[in-house]
Amino acid sequence: MEKRFIVRYDQTLDSNFYMCRGCRTDIALIKDSILTHKRFGAVLLKHADNLVIENPEDYVDIVCITVAFVYCGECTMYLGWKCVDIVDGPSDLC
């Protein structure tokens with residue numbers, strides 16, 4: 001199993017959140033998670049804070065989507081990626 005880059009922290013019923021594994025900076029509230037994959041430790045978030053998103057010239061194209069790598073705003077630890085563009089319309093690959 002891969003190492004998780006963000007960890008869940010249950011402080012109280014009203015303030016459950018995800019934080020950076022490296023520096024414990026708050027990243028997102030648990031209620032902002034859309035999808036969680038427990039086996040891989042992946043979380044899809046609709047809103048997150050304290051992040052740095054790489055420059056547009058460094059974006060990576062993966063078949064039908066363009067992604068940007070995301071880092072912690074405090075310690076610059078790699079946290080995952082953000083979808084920045086999805087190709088709409090017919091395509092042989094999509």
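How many bridges pair strand β7 (residues 60-62) with β8, and in which sense? The two strands pair in the antiparallel sense over three bridges. Two strands count as paired if DSSP finds at least two bridges between them.

**Model and numbering**

This is a predicted model, in which local features need pLDDT of at least 70 and side-chain atom pairs count only at pLDDT 80 or more, while totals for chains, interfaces and linings use all residues. Residues are numbered from 1 along each chain as its sequence is written, and side-chain values use heavy atoms, with hydrogens and water left out.

The predictor's confidence in each residue, pLDDT, runs from 0 to 100. Its mean over the protein chain is 80. In the chain, 79% of residues reach 70 or more. Among the elements, β6 has the highest mean pLDDT, at 92. Strand β1 (residues 6-10) has the lowest, at 67.

**Overall layout**

The protein chain has nine strands and zero helices. Its pattern along the sequence is β-β-β-β-β-β-β-β-β. Helices (H or I, at least four residues) and strands (E, at least two) are DSSP runs, numbered from the N terminus.

The chain has 94 residues, and 23% of them count as buried. Buried means under 20% relative accessible area, exposed means over 50%, and partly exposed lies in between (1.4 Å probe, protein chains only). Contacts are heavy atoms within 4.5 Å. Of the contacts with a separation of 6 or more, 21% join residues 24 or more positions apart.

**Strand pairs**

Strand β8 (residues 65-72) pairs with β6, residues 51-53. Strand β8 also pairs with β7 and with β9, residues 78-86. A further pair joins β2 (residues 16-20) to β3 (residues 26-29). The table gives the sense and bridges of each pair.

| Pair | Sense | Bridges |
|---|---|---|
| β2 and β3 | antiparallel | three bridges |
| β6 and β8 | antiparallel | three bridges |
| β7 and β8 | antiparallel | three bridges |
| β8 and β9 | antiparallel | seven bridges |

Y18 stands opposite A28 in β3. L51 has C72 in β8 as its bridge partner. I62 is bridged to I65 in β8. T66 has D85 in β9 as its bridge partner.

**Hairpins and turns**

β2 and β3 form a hairpin with five residues between them. R24 in that turn has a positive phi of about 65°. The hairpin of β7 and β8 has two residues between its strands. V63 in its turn has a positive phi of about 50°. β8 and β9 form a hairpin with five residues between them.

T76 lies in the loop between β8 and β9. Its phi is near 60°, a positive value in a residue other than glycine. T76 is exposed, because its relative accessible area is 55%.

N50 sits in the loop between β5 (42-45) and β6. The phi of N50 is also positive, near 60°.

**Across the sequence**

G22 is found in the loop between β2 and β3. G22 counts as exposed, because its relative accessibility is 51%. G22 is 54 residues from T76 in sequence, yet their C-alpha atoms are 9.0 Å apart. Leaving aside neighbours within four places in sequence, G22 is in contact with C75 and M77.

C20 lies in strand β2. C20 is buried, because its relative accessible area is 0%. The C-alpha atoms of C20 and L79 are 7.6 Å apart, although the two residues are 59 residues apart along the chain.

**A buried charge**

Where is E54? E54 lies in the loop between β6 and β7. E54 is buried yet has no salt bridge. A salt bridge is a side-chain nitrogen of Lys or Arg within 4 Å of a carboxyl oxygen of Asp or Glu. The nearest side chain of opposite charge to E54 is K82, 11 Å away. Lys and Arg count as positive and Asp and Glu as negative, while His and the chain ends are not counted.

A polar atom of the E54 side chain lies 3.1 Å from the backbone nitrogen of F69. Not counting residues up to four places away in sequence, E54 touches Y59, V67, A68, F69 and Y71.

How values were computed: A polar contact is a pair of N or O atoms within 3.5 Å; within protein, one must be able to donate a hydrogen and the other to accept it, and residues adjacent in sequence count only if both atoms are side-chain atoms.
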